[in-house]
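Hi,

Here is the structure I promised to pass on. Have a look at it first, then read my notes below.

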Amino acid sequence: MAGLAVDFSALGLSEPLLKAVAAKGYRHPSPIQLQCIPAVLEGRDVMAAAQTGTGKTAGFTLPLLERLRHGPHARAGVVRALVLTPTRELAAQVAESVTAYGRYLDLRSDVVFGGVSANPQIDRLRRGTDVLVATPGRLMDLHQQRALRLDQVEILVLDEADRMLDMGFIRDIRKILALMPERRQNLLFSATFSPEIRRLATGLLHQPVQLQATPENRATPLVEQVMHPCDMARKPDLLCHLIRDNDWQQVLVFSRTKHGANRMAERLDKEGISAAAIHGNKSQGARTRALSGFKSGEVRVLVATDIAARGIDIHQLPHVVNLDLPNVAEDYVHRIGRTGRAGLNGHAISLVAAEEHELLRAIERVTGSPLPRSEIAGFEPTVHSAPPIDLSGGRGRRREGGGASSGPRAGRSGRDSSREPAAGARRRSRSR
Ligand code: AMP
């Protein structure tokens, strides 16, 4: 699977899950995983246009397991996380993934579907289940037989929701929803978004993060990463130049400070490039206005701090610029997860001053590959520091000269073939 040159370890998953991922042989998260895992870990509802082949199952299963492992185990008869699927085959497949990713965790998972005897299922469910994968019809039967309780479900996943509706499960789904507590996390995956799915989503999801992924055989959105070295003082000039020169129409810019975000937005406005800043000091009204202006295209550049950007639903942007590198290397991954649209490549551009080279190294350690660098003519840095460590296993760092052809598009990050998955995850049977 075409993963991004980011390590799973950057996404906030803990050691037992990283070990299980390594044991599966995955090297890098797929685009949907890159976006979905942090969102689910944050406790957000998710609405994802993703079909089989995108890595969506790991996209929801890994963070779901991570969240469950921090709570108390399921008590008798209780289900903590419910994954509904349209078919037995998909249920079995998802359950297999839950087992594989949860192999180093002490969580109990199970799968129930029709066409087989219910009695063994009833016996198993009595003990309580942390993750239950089920088809809607059999789940309703089992509930009617009082084999399980859904009033303590913490996380609900509807997988292939469009197929579930096509197969006439909507009434069962509505009944199941009514059995669950109102306060819970909801994740909805669907290949298509018909009006019926949207209606279901509207009643179900609370301010969802919206994600989109395309399967492998179509153009997969990739994040092209590049860094432009330049002097700290020239960053505002360089940003104006890049936006103008490349004619970027929708750009999310990250600033480390509120003050910096304000200053940059003012400067852009002065240059005739419509911009707004969002950060913690702005009123909710001002933030909402800035965001809707940005979404509608009225505001061309949104300058945000990490915290402000995290709470809002702006994903799948064409361009994300790091005006400053984040202090925490993992935030880099969150930031670049905002870009990459279906069928098109996203661009993540970092403006890096010599003073930030330590931060750059930390990011390169987390992502597992060096950021391709490209100097922009007229903005070459006058202050240099020691070159970043070579993480490419001996491959030379690509240096591209400035000039018309070396815009951000020139610097696509290669997949990092030199890194191996974390070594030797030992197989052991699960204790529960
Ligand atoms: P899914 O879209 O969830 O049905 O997954 C499609 C296939 O991709 C499955 O065989 C997964 O095991 C595999 N897969 C999922 N995530 C990754 C990854 N990050 N790298 C490589 N393969 C993956």
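Let's start with a helix pair. I32, Q33, C36, I37, V40 and L41 in α2 meet K56, A58, G59, L62, P63, L64, E66 and R67 in α3; "meet" means heavy atoms within 4.5 Å. That contact of α2 with α3 has 9 nonpolar, 2 polar and 3 charged residues (Ala, Val, Leu, Ile, Met, Phe, Trp, Tyr, Cys and Pro count as nonpolar, Asp, Glu, Lys and Arg as charged, the others, Gly among them, as polar).

Before going on: this is a predicted model, where local features need pLDDT of at least 70 and side-chain atom pairs pLDDT 80 or more, while totals for chains, interfaces and linings use all residues. Residues are numbered from 1 along each chain as its sequence is written, and side-chain values use heavy atoms, without hydrogens and water.

Helices here are DSSP runs (H or I, at least four residues), numbered from the N terminus. The axes of α2 (residues 31-41) and α3 (residues 56-69) come within 8 Å and cross at roughly 25 degrees; axes are lines fitted to C-alpha atoms over the stretch in contact, and angles run from 0 to 180 degrees between N-to-C directions. That makes α2 roughly parallel to α3 (under 35 degrees; 65 to 115 is roughly perpendicular).

How do α14 and α15 pack? Helix α14 (residues 329-336) and helix α15 (residues 357-367) sit at an angle of about 70 degrees, axes 8 Å apart, so they are roughly perpendicular to each other. On the α14 side, A329, E330, Y332 and V333 meet A362, I363, V366 and T367 in α15.

Cheers

Methods: Helices (H or I, at least four residues) and strands (E, at least two) are DSSP runs, numbered from the N terminus. Angles under 35 degrees count as roughly parallel, over 145 as roughly antiparallel, 65 to 115 as roughly perpendicular and the rest as oblique.
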